[in-house]
Amino acid sequence: MEDSWHQLSPKTGFVVRLADRLTDQSWQTLTQLYQPIIGPLAAGLFSGLFWLPQRSRLHRHGRLLAALGVDLAHLYAARLRLEATGLLTTTVKQENDLTTFCYTLHAPLVPARFFRDDLLSVQLLDVLGEETYQDLVTTTATQVTSAADEENITKNFLDVFHVDGDELSHLPTAVTTSRQTLSTEASGPELAPTSDFDFHLLGEILRRSFVELKSVQPHRELLLTEHTTYGLDELTLAHYIGEATNLATNQFDPEQFKRLIAQRFGQEHRGRPVSAASSTAPVTPAASTSTAGTDSAQQALIKLASETVPANFLQAIKQKTGGFVTDGEQRVIRDLVGRHLFPTSVLNLMVYHVLVDEDRPTLNKALLDTIANDWSKAKVATPEQAIAKIRERQQAASRPRSRQNRRNAPTVKETLPDWAKKTPQAQQPVDQKLSSKQKQAINARIARFKQRHPGKEES
């Protein structure tokens, strides 16, 4: 259920729960690090919910409005800031036509974890400036260091306590069972980082949303493919993940996720003029990869292919030639990217070769698969190698068959069956078979026939 402040009223009920134990350091961190980001009203709302007498009992929002001296719109905006920074989780239930909200308070992160959080630290830096930010890092996240003349004689756990080694190798059932009931939300998703995409940042963003992280984790390759194909950053991908998540089950739908991105790409680029970066000479047919003596144009093409994501590169070519990117072409590009066979620059040159060099109106999957197989066998890994393979392919296609090849072509020798080789007996001379007596009988019959039908032979 997605609510807004219009759905709240002073009589709407709420209860408060505590997810963590708050310490003196928690309140100091809330004031020094969180308040510059969320504002004094949101910090006051957090404090008001925490110190609310008998907070686990049902209260009315009118009590909060009176205590803070604000209206519902400002109260709702403050609540959203607490939710966005991980200080508050809001759930709602409907029972007998009555709406009840449950506000669960979470302890602020300790300073060291706060400054390791990309979203919070960047936002705090934007608000305070670099000088004040560095002062806060120094004063709130300091580490205790020993003097040079001091020796650390602290004992570790096993020096003081005896633990059975078998119990560590095979943890007791009570320990493993209880661990399964503990919340792992604070640890964030276990997604390994990649060179240009920060899965940790994506996990931190999703951790503050309603998305079930476990439903997203198996689709790491899909997220990388969409990021590489369309150039989507972590915040944008998190937005699409949220749109592709079922609000009733909090489960992520990967097919809906792909459809949303493809549809949005088509809507954004439909009728859009070619950008300055994509309207340069390398995207025109004049910069054919097979043309000799155009090193500068080919270098520009390589540069553009290396710096442009595949979807935008395809879009630039289509707009330059007056066409448009079809849904099928988006699927073809996504499929090529998802195979992880080539770098982006090589994939772009493959697309360029098909659409520009061969002047085809659309990308043909079978043709691209053929080229991809050939390049994969040849271990093409750089745009220079891709251009060399393109030239090789074009030369092979334009080379006429030589006379020597025609002479060496195998000839087809037809063999007749035995029955066809025999000379038919009907073709033997008739005169050699008839006797003189038989000839006389035949001539007599012919004479009689002429007498009965005179003049017939002249007709």
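The model is predicted: local features require pLDDT of at least 70, side-chain atom pairs count only at pLDDT 80 or more, and totals for chains, interfaces and linings use all residues. Residues are numbered from 1 along each chain as its sequence is written, and side-chain values use heavy atoms, with hydrogens and water left out. Helices (H or I, at least four residues) and strands (E, at least two) are DSSP runs numbered from the N terminus.

**Sheet**
- Four strands form an open sheet in the order E2-E1-E4-E3, with mixed pairing; two strands pair if DSSP finds at least two bridges between them.
- Strand E2 (59-60) and strand E3 (88-95) are the edge strands, each pairing on one side only.
- Helix H4 (residues 72-84) packs on the sheet and touches E3 and strand E4 (98-105); the direction of H4 makes about 120° with that of E3, where axes are lines fitted to C-alpha atoms, for helices over the stretch in contact, and angles run from 0 to 180 degrees between N-to-C directions.
- Strand E1 (residues 13-18) pairs with E2 in the antiparallel sense over two bridges, and Phe14 stands opposite His59 in E2.

- In helix H11 (residues 199-207), eight of nine residues are buried, meaning under 20% relative accessible area (1.4 Å probe, protein chains only), with exposed over 50% and partly exposed in between.
- The cover over these buried residues includes helix H6 (118-128), helix H12 (213-216), helix H13 (220-230) and helix H14 (234-243).
- Leu120 lies in H6 and counts as buried because its relative accessibility is 4%.
- Leaving aside neighbours within four places in sequence, Leu120 is in contact with Tyr34, Ile37, Thr85, Leu109, Phe114 and Arg208, contact being heavy atoms within 4.5 Å.
- The C-alpha atoms of Leu120 and Leu33 are separated by 8.8 Å, although these residues are 87 apart along the chain.

**Cavities**
- The structure holds two cavities of 30 Å³ or more; a cavity is a set of points on a 1 Å grid over the protein atoms alone where a 1.4 Å probe fits but cannot get out, and lining residues have an atom within 4 Å of a point.
- The largest cavity has a volume of about 40 Å³, a volume being the space filled by probe spheres set on the points, which are joined across faces, edges and corners.
- H4 gives the largest share of the lining of this largest cavity, three residues.
- The second largest cavity holds about 30 Å³ of space, and its lining includes Thr229, Phe265 and Gln330.

Notes. 1 Å grid on protein atoms, 1.4 Å probe; cavity = no way out; pocket = protein on both sides within 12 Å on 5 of 7 lines; lining within 4 Å.
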